[in-house]
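The following exercises ask the reader to examine a structure and to check each reading against a worked solution.

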Amino acid sequence: MVKSATRSAKPKVDPDAAPQQQKVCSIKKVFYISEKLLNIEGDQRMCLERFYHPGKGQPALFITQDREVMEVLEYAEPRRSWLLNNEVCSNGRTYMTTPIDPTFLALYHLRKHCTQRAMSLDSISVDEANGSTNRLLTKFINAESLKCVADVKTSGELIFYKYNKDRTLAWLALKTRQVVSVLKAKQVHCGLGAKSQNYVRSEKIVDENDVKETDYMRMACDYVGRYLDAGLHDELTRYLEIPSEIQALVEESATAKKRKSQQGQATANSKKIKLANGEDVGTQLRNSSLLDSDDNKESITSPPITPAPLKERSLTAKEKSLAKGAKGSKSIASFFKVK
Amino acid sequence: MFEARLGQATTLKKILDAIKDLLNEGTFDCSDSGIQLQAMDNSHVSLVSLTLRSDGFDKFRCDRNLSMGMNLGSMAKILKCANNEDNVTMKAQDNADTVTIMFESANQEKVSDYEMKLMNLDQEHLGIPETEYSCVVRMPAIEFARICRDLAQFSESVVICCTKEGVKFSASGDVGTANIKLAQTGSVDKEEEAVIIDMQEPVTLTFACRYLNAFTKATPLSTQVQLSMCADVPLVVEYAIKDLGHIRYYLAPKIEDNET
């Protein structure tokens with residue numbers, strides 16, 4: 001996604017705003033719109049629509065165009081305004097479009113209507129009072145992707161869907177693992193507590209150990225859970241066997257109190273358990289026929305073995321005297337630059 | 001596969017003794033041209049640069065470039081287990097997390113090997129620019145060690161002043177002042193005892209005495225030491241390791257506030 005200039009993006013969202021701009025300033029909004037939406041040729045117009053957002057539990061804004069659905073995210077801060085050309089725009093919010101898999105939106109409706117019986121998408125939308133659901137299910141949902149979350153039955157031209165819990169959880173687990181790999185690649189801190197992004201760690205402290213695989217899983221699961229209703233989120237958490245944060249904290253303090261010899265055993269055991277889990281989920285995924293390529297399997301491997309942390313040693317008298325002698329000297333790094 | 005073999009363990013012992021006081025750990029970068037180590041001390045005031053050329057070893061093989069992070073204290077402990085005349089061989093696999101150090105007595109009657117865990121050190125390599133130094137002093141290493149030891153009793157810092165008359169080391173403190181002047185030797189009969197001064201411009205610089213003393217731990221490696229100085233640039237103290245390479249210490253000058 002590429003950020004486009006605010007002014008070029010604005011009139012497309014609200015083309016009628018131009019004549020009124022002298023009077024009503026607040027109708028102007030600042031949008032960051034994906035280039036993908038802007039570059040479509042032809043007279044396809046972007047539309048702002050409201051669909052039910054399962055994570056929020058209420059309808060939310062989406063931008064649609066042709067068959068593309070993008071979520072509209074809003075960044076609001078109190079007492080913030082925009083200065084556009086010579087005008088002050090009192091609506092200081094920033095809106096951004098982010099791609100979303102519409103299957104998440106359909107999943108809610110499938111869970112609601114199709115747990116007991118198979119239904120066609122048309123008949124689901126009949127049951128819903130809201131007209132937008134009809135548009136969502138018939139226009140934007142890719143029938144192929146629904147196979148990941150439902151059993152599909154065809155009878156003549158009609159296609160019926162029945163919600164399948166096992167497939168859904170396997171699919172969500174796959175999504176979670178993808179998020180985990182992205183979190184790792186972007187080096188997002190997922191451990192307990194907050195950590196400054198530009199904090200430079202000391203050479204002596206090897207802190208890889210404080211962020212565990214489960215921390216990444218928990219964070220990723222929360223990300224995915226934002227697009228699920230609460231019930232399904234809980235099911236996913238249980239399915240991935242992610243302990244709650246409080247539970248993890250209690251366990252950690254318990255291991256800290258243990259003797260060193262016991263601690264070693266405990267970590268060895270927990271590694272075994274994790275491995276077993278990894279395989280468990282992996283085989284389930286493979287059985288559920290969701291994995292079409294082999295490259296996904298790599299993400300379901302056991303956690304990497306992290307080196308044992310170095311012991312923090314106190315300085316010897318010799319080192320202290322050297323450090324004392326260093327006072328008043330310039331740093332050598334100020335003469336020699338890093339290659 | 002990496003394998004390097006030296007005829008005399010004592011050389012390696014001396015090298016480790018020369019760096020282990022300044023550095024707790026360091027990365028040995030091995031390539032087919034030899035072994036290099038570059039690291040700053042904890043206070044980031046000095047820099048140690050060690051170069052051992054591959055042709056100086058009895059046997060040297062390095063299939064792939066390899067960086068071995070080592071705890072130098074542990075390495076020194078292992079080398080203490082060697083007799084001075086033993087052959088010493090360092091071995092490591094590609095991507096290994098341990099290094100094997102093997103000692104063999106001259107008649108092969110005793111062979112001992114030690115395996116040491118390697119460390120992952122994220123040390124940055126510093127680029128050292130080519131510098132034309134205003135003064136280059138060559139002098140006996142023992143003499144330099146003696147001067148540093150003597151002056152350390154008077155002050156934390158030593159002023160090195162190099163003019164065409166010679167080089168002057170001075171220190172002043174609560175006890176009093178100390179000045180040691182060395183003039184260039186007139187006749188060069190024995191090269192290892194000569195003081196040779198190559199001066200373009202006179203230089204006066206102040207350095208931390210404790211660091212100079214730490215550098216003199218390399219004295220057993222070489223009969224001569226070379227001091228290169230230039231205004232507002234780190235001092236270079238270089239000890240040549242015969243037939244093998246050299247060890248260079250860079251020391252940042254002290255910030256002078258009482259100088260005019």
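The exercises below treat helix packing, a chain contact, strand pairing and backbone angles in turn.

The model is predicted, so local features are given only at pLDDT of at least 70 and side-chain atom pairs only at pLDDT 80 or more, while totals for chains, interfaces and linings use all residues. Residues are numbered from 1 along each chain as its sequence is written, with chains lettered from A and ligands numbered from 1 in the order in which they are written.

**Exercise 1.** Determine how helix H9 (residues 213-225) and helix H10 (residues 230-239) of chain A pack.

Solution. Helices here are DSSP runs of H or I with at least four residues, strands are runs of E with at least two, and both are numbered from the N terminus.
- Step 1: The two helices pack at an angle of about 155°, and their axes lie 10 Å apart. Axes are lines fitted to C-alpha atoms, for helices over the stretch in contact, and angles run from 0 to 180 degrees between N-to-C directions.
- Step 2: That angle makes H9(A) roughly antiparallel to H10(A) (angles over 145 degrees count as roughly antiparallel).
- Step 3: From H9(A), Cys221, Val224 and Gly225 of chain A meet His233, Leu236 and Thr237 of chain A in H10(A). Residues are in contact if their C-beta atoms, placed from the backbone, lie within 7 Å.
- Step 4: The contact of H9(A) with H10(A) comprises 3 nonpolar, 3 polar and no charged residues. Ala, Val, Leu, Ile, Met, Phe, Trp, Tyr, Cys and Pro count as nonpolar, Asp, Glu, Lys and Arg as charged, and the others, Gly among them, as polar.

**Exercise 2.** Describe the side of chain A that touches chain B.

Solution. 
- Step 1: In this contact, 19 residues of chain A face 28 residues of chain B.
- Step 2: Helix H13 (317-325) and strand S10 (337-338) of chain A each supply at least two residues of that side, and H13(A) gives the most, with 6 residues.
- Step 3: By class, the side of chain A has 8 nonpolar, 5 polar and 6 charged residues.
- Step 4: S10(A) is joined by 2 bridges to strand S10 (residues 126-127) of chain B, and the two run antiparallel. Strands pair if DSSP finds at least two bridges between them. A:Val338 stands opposite B:Leu126.

**Exercise 3.** Identify the strands that flank S2 (residues 25-31) of chain B, and the residues opposite B:Phe28.

Solution. 
- Step 1: S2(B) pairs with strand S6 (residues 66-71) of chain B over 6 bridges, in the antiparallel sense. In S6(B), B:Met68 is the bridge partner of B:Phe28.
- Step 2: S2(B) is also joined by 4 bridges to strand S3 (residues 34-40) of chain B, again antiparallel. There B:Phe28 stands opposite B:Leu37.
- Step 3: S2(B) and S3(B) form a hairpin, with 2 residues between them.

**Exercise 4.** Locate B:Gln108 and state its phi.

Solution. 
- Step 1: B:Gln108 is in the loop between strand S8 (98-104) and S9 of chain B.
- Step 2: Its phi is near 65°, a positive value in a residue other than glycine.
- Step 3: B:Gln108 is exposed, with 8 other C-beta atoms within 10 Å (12 or fewer count as exposed, with C-beta atoms placed from the backbone).

Conventions: Parallel < 35°, antiparallel > 145°, perpendicular 65-115°, else oblique. Contact = placed C-beta atoms within 7 Å. Buried ≥ 20, exposed ≤ 12 C-beta atoms within 10 Å, placed from the backbone.
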